[in-house]
Structure formats: C-alpha cells, structure tokens
2 protein chains.
Amino acid sequence: MQTRTDSTRTSPVQAAREPAEPPRPNAAEPATGFQLGIDSFVETSFDPRKRAAMSEADRVRDLLEEIELADQVGLDVFGIGEHHRREYVSSAPAVILAAAAARTRRIRLTSAVTVLSSDDPVRVFQDFATLDLISQGRAEMIVGRGSFIESFPLFGYELENYETLFTEKLELLLRIRDQAEVRWSGTHRASLSGQGVYPRPLQRPLPIRIGVGGTPASVIRAGTLGLPLVIAIIGGEPHRFRPLADLYREAGRRAGHPPERLSVGIHSHGYVAETSERAAEELFPSYFDAFSVIGRERGWGPTTRAQFDAARSPLGALLVGDPETVAEKMLREHQVLGGLSRITLLLNGGAIPHRQVMRAIELLGTRVAPLVKAAWTATPPGEAREDLSDAMTQRKGTGNREPGKSNP
Amino acid sequence: MQTRTDSTRTSPVQAAREPAEPPRPNAAEPATGFQLGIDSFVETSFDPRKRAAMSEADRVRDLLEEIELADQVGLDVFGIGEHHRREYVSSAPAVILAAAAARTRRIRLTSAVTVLSSDDPVRVFQDFATLDLISQGRAEMIVGRGSFIESFPLFGYELENYETLFTEKLELLLRIRDQAEVRWSGTHRASLSGQGVYPRPLQRPLPIRIGVGGTPASVIRAGTLGLPLVIAIIGGEPHRFRPLADLYREAGRRAGHPPERLSVGIHSHGYVAETSERAAEELFPSYFDAFSVIGRERGWGPTTRAQFDAARSPLGALLVGDPETVAEKMLREHQVLGGLSRITLLLNGGAIPHRQVMRAIELLGTRVAPLVKAAWTATPPGEAREDLSDAMTQRKGTGNREPGKSNP
C-alpha cells in the first residue's frame, strides 16, 4: 500500500479500527518488465458518411475479435477510453472490458482513461472490482481528467471545478481501494459513514494508474501518491516530455516511494504494417478525419499530410511504420524518457478496415514486442542506456533494410 | 413507442424538432409467447462461515458457466439483480451481463432489477446500450425501487424521496431511450439541454420493464406508461397478486395501450431437481440462511422448515420440485394471474453447489420449459384457461407419478 501524505481525513484512531485490506501476495501485476499494449476509444469514424455505413454493433463485434487476437499474440494490455461523443462507442469501458475478459485468458484489461472527475468513485470501483473478478485478476484503471469535456455537463459538473473534482474523487477512490467500509466526506459527493463498497476485487490492491496530458501538477500528484503514471503523447516530440517524467520521479522519491513503484508508461497514436509506406497510407485517412474534427473544435490549424509525415519521422510522436521502425521509436522513447514500463498504441481502429487492424495487432505481438522486449530486458527502469537502438539493431541480425531509412 | 400522458416537460414544438429515433423493425423482442428464465443476485452465502470458504472470483466463474448452460439448453432470459451487500457479487449487473453476452448466443440478458432510484439514468442507459451492442440486441432492463435500501446512503439519496426519485428517473430514462440528444430538467439530477447520450442501442426501443413488489401505485404507473410489468412474488400465495395484475392491465387499457403491450411476468424463488424431495433438501439450507438474515433485518418471524414446505405446496409461492411439479405451478400461476409472458426463477445459486445448480438449469431447459411452453402455446395472454394444468398432464402421457402428489 502506498503512503499517502495529503489525502486522509480519517483520524489515527479510526485508521486503527479499520485496517486496510491486506495485499494478496499472488495477485498484483508484475512490478518490472516492459508491457506492450493497445488502446481503443472504439472509434467509428469522424466522417459522418463513413460512420453511417458502419453499424455500432459490428464495430463492437470487430473490437472483441481484436482484443482476442491481442491476447493470442501475447500483447500485455488492452485499454478502452471513456468518451461521450457520437463518434465513439466507449462511454462504458468496464462493460466492454467485461465482454473482453470473457473471451481472453492472459491480457490485462484497463480503462484508458476513466474520466474520474465526472464519475462516482463508488460506481467506478464497483465496476472494475467486478471486472477484476470476471477476469480472474486482470483488471486495471487509469484515471484522469479526460481530454474531452462532454462528460461535465452530461453528469452535472462544472468545468470550473475541474481540479478539485479530480483531487477529491481520487482521494475517495483510493480510500475505497484500501477499505471495504468507507468513511469519507468531501464537497462534490455525498459523505460515506462506513457504508460497504462491494464486491471486493481479486487483486489487492486493484492497480490504479494516473493518466496525464502534460500538466505538471498532475504528475507531482501521481508521484506523491506513489501511483504509476501514464503520459498521453498525442503530438510534439516525445523527448520534450522528459522534464515531466523527471518531475514525477522526483515527487515520488521525496514522498518516500521506492523507484520500482514509480513507473512511467506512454499512450501514443500508432499503427504497424509490413512496410512503413503502407502503414502511413492505411492510417492517414482516419487520422486526418479525427484530427480535423477535433482540431476545429480546439482551434488547432488544419491537419496536413506533411504534419502527419513529420510526426512519424524518427523524432515525432506517431509510432507508425513497419515493425522495426516502430520498435526503434519505442526504444528511443524508453531512452529519452528515462525508462518506461509500458507503451500502448491507439490504432484508430474503427475507421480502418478490421482486416488491417487485425494485421497490425498480429505484427505488434509477433514482430514488434519481441524486438522491444529483448532490448528492454537488459535495461532496468530509470537506467535506459543510450545505445538501446543499437542493441536492437544487432539483435535483428540480417534485417532487410537499414534502420533510419524506413520513413520517407 | 408508448404514449406518455404524464411524464413530459418538452413542448410540442420541441418534440417536433427532435423526433424520437425510429424503431428498428427487426430488433425488439417477440411480443408474444412464453419466456422461461433464471435470475441471480450472484449470491455467495448468508452464512459467514460458508462465505469465507468461497472465493468471489470462483463464484463469478461458476455463474458464467451457469449462464452459458442456460443459453445452451434454450432458456429465454437470464437476469442479474443489483445489490450492494457483502453477500452478493452484483453491484454492477451490466458488467456481469457483458461477460455473459460474450459467452452466449441466444439468451436475453437483463438486470433484475436495476435500482433506478439511486442510479443515474444516463449511466444506466449507456451501460445497457453498450450491453445491447455487445450482445447483438439481447439486452433488457428491469427497473425498480429495489427490495434493499443500502444503495440510498451509498449514493447519497434520501429514503424520504423514495417515490419521487423513481418517478423522475424513470421519466428521464424513457426520454433518453427515445432520443439521443436529451432535454430534461428535474429535482434529483442535473438538467440536460441537448447533450447526447451514446452509444445508441441496437434494439429500438431498448426493452425496459418495471419491476414491482406489491405497490398498487407502481403497477398503475407501469400500465399507464405501457411498459411490461414484472412482479416479484417472494412469499404469500400467487393468486393474491391477481388484483395487482388486473390493476396494471386496466391502467394500461385506460391509457390506450393495446393488450399485447401489457405483459406481466413473475420473478420467483425456485429450484428443480429430479425429485421434489431432493429439490427441497438441496435448496432449504441456503433458503434458511438467506431468509433468516433478511428476516431479522426486516422484523419477520423466524424461518422454519414448515414454512418452507408450505411455500412449496401447490398454492405456495416457491417454484420448487421435480420438473412436472414446477411446470404445473407455473401453469397455475399463468391461470390465476390472467396470463403471464415470462417467469424467472431465483435459484439461490451461490449457496448451492455449482454442480447442483447446473443440473437445475439443465432440468429447467430440457424438462420444465417444453412442458410449460406446449401448454402455453394454446393460450393467448389474458385468456388463460382454467384447464391448463389438465392439458399439461395429458401431454405428459404416462408420467411416473400422479400430479398433485409431488409435495409431501
């Protein structure tokens, strides 16, 4: 259990009466090693004409096949984002993940992210504890403030409380994780005076990560609480996120958490095909649609093919290309960010034909993961060596192309 | 779409601008015919010693096998109740049902009930619309006020608002079912000014039933809204519920709903084994534990074997016995209640060994359902004949025991 320095209103006497549930030694996820995974927002399409041609039920059927394949090819984790927009079939991640749990054996299943600010920590915990029982101990949550704001008016919250909502609800969620019978009071939700929150999960503690965009205060909070961090790198150059990762590690160190508890993961747009050219051609149309619509809402400039190509160049944020190119970029991110424990790719699945997404998943599991994991094994978190890409290049043996030449 | 006479605050002009989603002709459940199903609250045990011996994860694994078998033997519906107590693993029915959806092909999946008074209709609809997509159109909801009260303090609601909470939330739920972009205001939840509720279900409309205990106002509401009714008959003699069923049908008729929309179903405790004696022996211990604990909380008298035996006699509420006995009692309920569309049995599953529950499910699908459905087919809803039990007895041919002698 992590030390919490700033999030308890329980007196020491109460704490003594209500001991935290003991951890189960055999349950929690492995603390070390690299995990490669996929995230989905269960996109249909941002182009209304294409969306109209696609049944949401078919999209969900395809998604479940994609998660099954991800499990079969040995990927480590599948995440479902929470969105409340017409273009996404993912307002209820735990419900989708439960269906996936019933069809898979090994892969871990997580929200990516749960928009905790506009949800009730009691319901969220109940949903994911139930998922944990269904999956026999494979459930996780990534909680965050979300990158969209639709959920605030939908559930009756004020955007002006953006910060306090998250702080308070995270505090309650962690309290529920520690103890079945909860005493808590705050300003954005009814108090609890010992009510029980059931069922209890199989994993103790149920893994909870903090998902962040780029807000320093958010990573300091995650570090202080000793919770694993997931940084969404949607644009910009990944190496620019190094100060954020260091700020997290430093906050965790100051709060007294051991380094192995302070893991950093990356969520990133990505796509894999047999050749980098083909990966780009298959991904670009849906990438263009999504970024054009969202960019218009947020006042970004127009999305262009030149921007896309820059983002998939060696220093860019997109993990797009053939398996070697994508593995190299992952190792570069591991290196420049001071050590990563997990990378997950958002494939823009629904707007790309199912057959192509299945091929991308297969390549991620059978080609990308072995390359990355072999190089990673020699590298404890926080000690990423400068020569990782070289190490991987040597392992590849007689590759059929020179590294660094995969992108046009 | 049903006519709603008392539940709209939308002006005619607004209604004209925002047409309800058109029904899909191929989706909704069959309007006629008899459905036989099972309900579960995902009980572990009310006896703390027995409960400690059972892993909740094992209970969920067993439950999913039970639902798979129910699907395979042709049962029509499986329901999961919502409870927020240590003895039940069912605070999140939609999550459990989603796992079941991924493992089944034909069986319909419903909450039984969703405690709507203490939940948010937006989240509930999102969960079950997602379930509907996962199950390819097999999701349903039964909404009610619940038979326990734990959820009220847990989610910050006052019991003194028991009635208005349900009325208001049902109104909103039906509004969301009709239209993706919702305009609504009330007193127990933030207003909606056109926010979209996604995803949309495959079935249009998504089936919503009203679950009631015995409150006349509740059945009048269900009839007036033209929603199917489910009566929980936990004790007492089923024929005493006839006035309630008639009150429902009359309210529906007055509101202008055609008779085929006004279906009545029954939720009942029950259990089946090869002989009635064996069924009683296998069920009684868990029945005793549950009714003793709940009875103490509610001030009922002590639970005795004599009461149990009276309840499983021909006029009692328990549908417990060998297949012929249970089929006869179902047909008798159909008769005395003026026609039923569905009967579901709560098997007290978790507190009975999994192997025995599986056998009960198999008997329900292979022995009870054929007997009941054969007799039912000749009987349009609302016109149950007096001689139904006789008709079934004749169909049985050379049964190995005399009807009416199955119970000691």
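Helices (H or I, at least four residues) and strands (E, at least two) are DSSP runs, numbered from the N terminus. The expected span of a helix is 1.5 Å times one less than its number of residues. This is a predicted model, in which local features need pLDDT of at least 70 and side-chain atom pairs count only at pLDDT 80 or more, while totals for chains, interfaces and linings use all residues. Residues are numbered from 1 along each chain as its sequence is written, chains are lettered from A and ligands numbered from 1 in the order in which they are written, and side-chain values use heavy atoms, with hydrogens and water left out.

**Helix α12 of chain B**

Helix α12 of chain B covers residues 323-336, which makes 14 residues. From first C-alpha to last it reaches 20 Å, close to the expected 20 Å. Twelve of the 14 residues of α12(B) are buried (under 20% relative accessible area, with exposed over 50% and partly exposed in between; 1.4 Å probe, protein chains only). Among them are B:Val326, B:Met330 and B:Leu331. After α12(B) comes B:Gly338, with a positive phi near 80°.

**The nonpolar core**

A nonpolar core is a set of buried Ala, Val, Leu, Ile, Met, Phe, Trp, Tyr and Cys residues joined through side-chain atoms within 4.5 Å. The largest one has 226 residues, and B:Met330 is one of those with the most contacts inside it, as is A:Met330. Contact means heavy atoms within 4.5 Å. Leaving aside neighbours within four places in sequence, A:Met330 is in contact with residues including A:Leu36, A:Ile343 and A:Trp376. In soluble globular proteins, nonpolar side chains tend to be buried together.

**Where the chains meet**

The table lists totals for the interface. Buried area is the accessible area (1.4 Å probe) that two parts lose on being put together, summed over both. A salt bridge is a side-chain nitrogen of Lys or Arg within 4 Å of a carboxyl oxygen of Asp or Glu.

| Interface item | Value |
|---|---|
| Residues in contact | 47 of chain A, 47 of chain B |
| Buried area | about 3800 Å² |
| Salt bridges | six |

Carbon and sulfur atoms give 60% of the buried area. In chain A, A:Arg123, A:Leu154 and A:Tyr198 lose the most area to chain B, together 17% of what that side buries. A:Arg123 also forms a salt bridge with B:Glu82, with the closest N and O atoms 3.3 Å apart. The largest share of the side of chain A that touches chain B, eight residues, comes from α5(A).

A:Arg123 is in contact with B:Ser118 too. B:Ser118 lies in the loop between β4 (114-115) and α5 (121-134) of chain B, and is buried, with a relative accessible area of 2%.
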